[in-house]
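The sequence and the model follow.

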Amino acid sequence: MARKRRRLHGSGISPGIGKGYVCIWGPAPAPKRRKIRAGQVPSELNRLKDAITSSRDQLTELKSKVHQKVGSKESEIFEAHSMFLNDPFFLTKIERRVMEKFINVEAALEDTINEITQVYANIEDPYLKERMQDIRDIGRRLMDNLVGHKQDCTIENENEVIVVTEELTASQLMDLDHSTITGFITEKGGATSHSAILARSLGIPLVSGVPNVMTRIKPGSFLLINGFNGDIVRQPSDSLIRDIRQHFPSLYISQDEMNELEKQPSTTADGVLIQLLSNVRSNGDLEYIKHSQAVGIGLYRTEMAFINRKNFPSEEEQFDVYKVAVESMAPQPVTIRTIDLGGDKFSPYFPHSRKRELNPHLGLRSIRVSLAKPDVFRTQLRAILRASALGKIKLMLPLISNIEEIRLTKRMLYRTMVELKRENIPFDENLELGVMIEIPAAVLIINAILREVDFISVGTNDLIQYTLAVDRSNETVSEYYEPAHPAVLMQLKQIVDAANRMKKDVSICGEMAADLQYTKLLLGLGYRNLSMSPFFIPQIKRAIRCIDMDAAHEFAMQVLSLSEVRKIKKLLMDDLVCK
């Protein structure tokens, strides 16, 4: 019998380390739907009115609680919830269903929330899609007050509880007793959700994006979670817990410390400047970058504008998206990556699907999609070039495996520039072109690639996956996805050495850049540009300011001399910066 895998993996969206016993927080019971008589309509509407009054009172208390524990800005989340409850359009929809369809108020509320969330489900912007969680949160509160449902997450005789749930809303998070909560694990929810913002403000680790989490983790089991890299360890050993306690610093950064960090340069203890850039999924992330201390966008993912649509976005639609990003960041640079569709990112109109490709990660994806669809690629290039007239843009190509892909793109880019000149449309004629290094084949021909481009960026997530032949989303082999593998580290060294020799900019934009375990190592290998989710920049900046570059270089050489993952990981843990 195969042994049960001890490790799960998701996305770390609130940093920190948490250990505790699992409380499964399941969904509320499904509301009972029933038909009513005409004479029962007034009493149903009165029930709705009472539920709204109770909900408003609860939200007022929550707003006050958040204002005291977190801050005034975060408390505005619940002010928005209260405003929604006062929206005549929302309330009228529920009332009309009761009066016209003669259904009870629970059924009318459920139908109304489903109708509104369906509208949000069809919106392309991931930031706006996450507002759908707020609508469900408001609906859940109203429903709980209608049926008298209340749920908490506690485990008898345990004061360290990890909450596991399909989706965690902002008000659910704030309703919990934070004195016993040591972490959250969810299946749904992103870094810009209000629950993620509150978790970060409270200093509680949150790992999201764990598929089928409610069935994969048993109630009462003991877990260790890492809100930095998304690792989850079942039944962690005493020695692992001891190592974590001994070596990890206090990871939570107070607002006062955050304010002080903003005044400080991102330099090592001996004065070497390290550029900290932000990865961006959509324009909804831009507001967080302003407070993250990032000096630009190192990875702007354009494929998010292509997903959840019925057709490819037009040139004007794309231009409007890029325009907002560039003008918001000016004069700082924005590195725009061309579409990375395929693999695990699909659209309904996309000609290939998982069913038609046995292994989509090795199929038609990324730059291969762009070159296979020149009209779509040309439209995107025109939009990016036009936006380049408004601020500093750098163009980056994903998943490059050979020189021909770069040269085909350069020819298409040149022809597009000629078109725009002929049409008297301004653009940056000195636009920098770079590529992502994500495949071992690209590492093997790195010198030839560097002769073709202005800069490179290392996508460690895919580089690790392809180097080690492991799909990290596959639970049965996810433990083999190992950033500390010597083959991965040797490639990182080969890449940065080649770039430095040829005086080309090189950055890291995968999850390793945001993981404190690797900060000193990456700097010691020679990397000076790190790009990550804006929420992790303060922690990495604090770590950088503790590092001496001579010591970091010696440390990197020591790591590269080792051939066993176990020994490398122990060395990384033993030498964690800012202990």
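How many aromatic pairs does a search of the whole structure find? The search finds three.

## Basis of the report

This is a predicted model, in which local features need pLDDT of at least 70 and side-chain atom pairs count only at pLDDT 80 or more, while totals for chains, interfaces and linings use all residues. Residues are numbered from 1 along each chain as its sequence is written, and side-chain values use heavy atoms, with hydrogens and water left out.

## Aromatic pairs

Rings of Phe, Tyr and Trp (its six-membered ring) pair if their centres lie within 6.5 Å; planes under 30 degrees apart count as stacked, over 60 as edge-to-face and the rest as tilted. Tyr 21 and Phe 222 form a tilted pair, with 4.8 Å from centre to centre and 45 degrees between the planes. The pair links distant parts of the chain, 201 residues apart: Tyr 21 lies in strand S3 (residues 17-25) and Phe 222 in strand S7 (residues 222-226). Helices (H or I, at least four residues) and strands (E, at least two) are DSSP runs, numbered from the N terminus.

Buried means under 20% relative accessible area, exposed over 50%, and partly exposed in between (1.4 Å probe, protein chains only). Tyr 21 is partly exposed because its relative accessibility is 27%, whereas Phe 222, at 14%, is buried.

Tyr 300 and Tyr 322 form an edge-to-face pair, because their ring planes stand at 85 degrees, with the centres 6.4 Å apart. Tyr 300 belongs to strand S10 (residues 297-301) and Tyr 322 to helix H13 (residues 315-329), 22 residues apart. Tyr 300 is buried at 2% relative accessibility, and Tyr 322 is buried at 2%.

## The sheet

An open sheet has eight strands in the order S1-S8-S7-S3-S4-S5-S6-S2, with mixed pairing. Two strands pair if DSSP finds at least two bridges between them. Strands S1 (7-9) and S2 (11-14) stand at the edges with a single partner strand each, so one side of each has no neighbour in the sheet.

Strands S5 (residues 181-186) and S6 (residues 206-208) run parallel and are joined by two bridges. Phe 184 stands opposite Leu 206 in S6.

## Charges over rings

A charge sits over a ring if NZ of Lys or CZ of Arg is within 6 Å of the ring centre and within 35 degrees of the ring normal. The charged end of Arg 386 sits over the ring of Phe 319, 4.2 Å from its centre. For Lys 394, the charged end sits over the ring of Phe 455, 4.4 Å from its centre.
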